[in-house]
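Hi,

Here is the structure I said I would pass on.

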Amino acid sequence: MDFLTNASHYIPRMFKQRNSFRSRTIASRQPSTSVLQSPEITFTTRSRRSHKRFPSFSIQAMPFTDSSEDEGIILSSSPSKAELPESEAYIAPCERRISNTRPFYLINETIPSLETGMSKIEFGVRSSDFTPLAFKTVINPVDAERETSFLRKVEGLSNVIQLLDTFEDDKKRSVLVLPVLRRLNLLKLDLIDVSKYAGQLAKALHGIHNRNIVHMDVTLSNLMADDDNNLVLIDFGLSTLLNDDTNCRSCGTPGYIAPEVFEPNFKPTPKVDVFGAGVILGCMLQPYITGCDLQYLGGSMVRSTTTEGIIAKLDSFVARGNGDGLLHPTGSVYSYGQHAGVDAPLIVYQAAELLSLMLQTTPGERPTSGKILSHPFIQASLRPELQHLFDGTDYTTFEERRHMMEIYERQRLSSESLCYYDD
C-alpha cells in the first residue's frame, strides 16, 4: 500500500498535458534487492466539453533489477499508445477553435479582440508549441485577397510584418495568421531612439518600395514592436503597386495623407509613404524642436497650408544651426562638429533638416527612403563613432534644459514689451 500512496501524488501530472497523454516514467530509485508487485490500477477520464471517452490509463508496478539505471513506475496508455488527434485534445474553458480545418489554432476568449469595420483581430496560441499568435479575420473577400497578396510579396523583409499562415474559418471568411506584436511607444524618447526608429521605418519602406509596393497608410497606429523592441510596419490593407491607379483608393488616415493624394489623376508613388513617415518623425521630435508647431502634425484638421507653415519654421530653425555649413554634405561625405554659436546640439538641427525635407508638399522635393537612410541624423545612431553626437539629448535632460530656455524666452519677451512714460 505504500506504493499506492506514493504513486497517487504523481497522478495529477497526467492531466496537465493539454494535447496528448504520453507514456512517461516516474523515477523512483529503490534498493536493488527489492521486488515490487501490485495489480494494475485503471483510471478513466472524460473531456470536460465534449464528454468523449478518452483511453483508460494504468499504473503498473515494474520489478527492479541490479541495473545501475533509474527504473520505477511506468505510466502507460491502453489500449493504444498513439497520441490523441488535435480534434480530441482537451481545450480549456476560455479557449475555442477558430476552424475545424486548423484544429491546432486556439483562440483565447479572455483576451479582448480588436474590431474595425473591415476586420477583426483575435489572439490565441498554436497548441503544438503554445506560440502566441494573432488571427486577423477579414470581412470582405476582395480585401482579404488583396492584403494576403501584398503580405506574400513582403516576405523576408526586415521591420515588416510577416504572414505565417492563411485559411478560411468555418464561416468561409479569410483568416490571416500573424505574429503577436506589442504596441510601440514613440513618445518621450531619447533622441538616439528617435533616430533608431526613424531609420528602421526608412529601412522597412526601402524594402517594400524596392518590390514596387506603396503602403499608403504609414501612421503611428500601424507601427508595432517585436520581442527585441524593433519597429515593425503592419497593415497592408490599403497598399497598392507602384504607379498602379486601377486599385488605388484615395484614402488613408487624416493627418498622414500626402497632399498629392487628393489631386486628380493621382498615381501612387513611394513619396506618399515618405510624407507619412515625416509626420511620424515630427511627432517623435516634438520635445526637441520648439517653436515650429510640430504638435499639429498628425491632426485630422491639418491642411497643406499648415504643413507649409511648419516647414518654413523648420527651415528658420535649421538656419540658426547652419552658420558654418555643418548640416550640408561636402561631396558625398557629411561634415560633423560642434557649432559654437547655437543653443542646441548639432544633431537636433540635423533632425530638423531631415524632417523639413520629408514634409515637403511637392513630392519631387521629398527624399527617397534610400536617401533618408544615408542622412546624417540616421547614420549617427548606426555608427558607433558618431553616437557621441547624442550626448545631452536624453529626454529627461533635454526636457529640463528646454523648460529653462522657455522661461528665459518668456522673460525676454516680457521685458521687451514694457512701456515707459515720462512725467
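What percentage of the 423 residues of the chain count as buried? The answer is 42%, where buried means under 20% relative accessible area, with over 50% being exposed and anything in between partly exposed (1.4 Å probe, protein chains only).

Before the details, two notes on the source. This is a predicted model, where local features need pLDDT of at least 70 and side-chain atom pairs count only at pLDDT 80 or more, while totals for chains, interfaces and linings use all residues. Residues are numbered from 1 along each chain as its sequence is written, and side-chain values use heavy atoms, with hydrogens and water left out.

The chain has 10 helices and 18 strands; these are DSSP runs numbered from the N terminus (helices are H or I, at least four residues; strands are E, at least two).

H7 covers residues 346-358 and spans 19 Å from first C-alpha to last, close to the 18 Å expected (1.5 Å times one less than its number of residues). Of its 13 residues, 12 are buried, so H7 is largely enclosed by the rest of the structure. Among the buried ones are Tyr349, Gln350 and Glu353.

H7 also packs on H5 (residues 270-285), at about 145 degrees with the axes 8 Å apart. Axes here are lines fitted to C-alpha atoms, for helices over the stretch in contact, and angles run from 0 to 180 degrees between N-to-C directions. On the H7 side, Ala351, Leu354, Leu355 and Met358 meet a set of H5 residues including Val274, Phe275 and Leu281 (contact means heavy atoms within 4.5 Å).

Now the strands. S8 (residues 119-126) and S9 run antiparallel, joined by eight bridges; two strands pair if DSSP finds at least two bridges between them. Val125 has Pro132 in S9 as its bridge partner. Four residues lie between the strands of this hairpin, and Phe130 takes a positive phi near 60 degrees. S9 also pairs with S11 (residues 174-179), again antiparallel, over six bridges, with Leu133 partnered by Pro179. Six of the eight residues of S9 (residues 131-138) are buried, so this strand too is largely enclosed by the rest of the structure.

Finally, there is an open, antiparallel sheet of three strands in the order S12-S14-S15. S12 (182-183) and S15 (231-233) are the edge strands with a single partner each, so one side of each has no neighbour in the sheet. Helix H4 (residues 191-210) lies across S14 and S15, at about 35 degrees to S15.

Cheers
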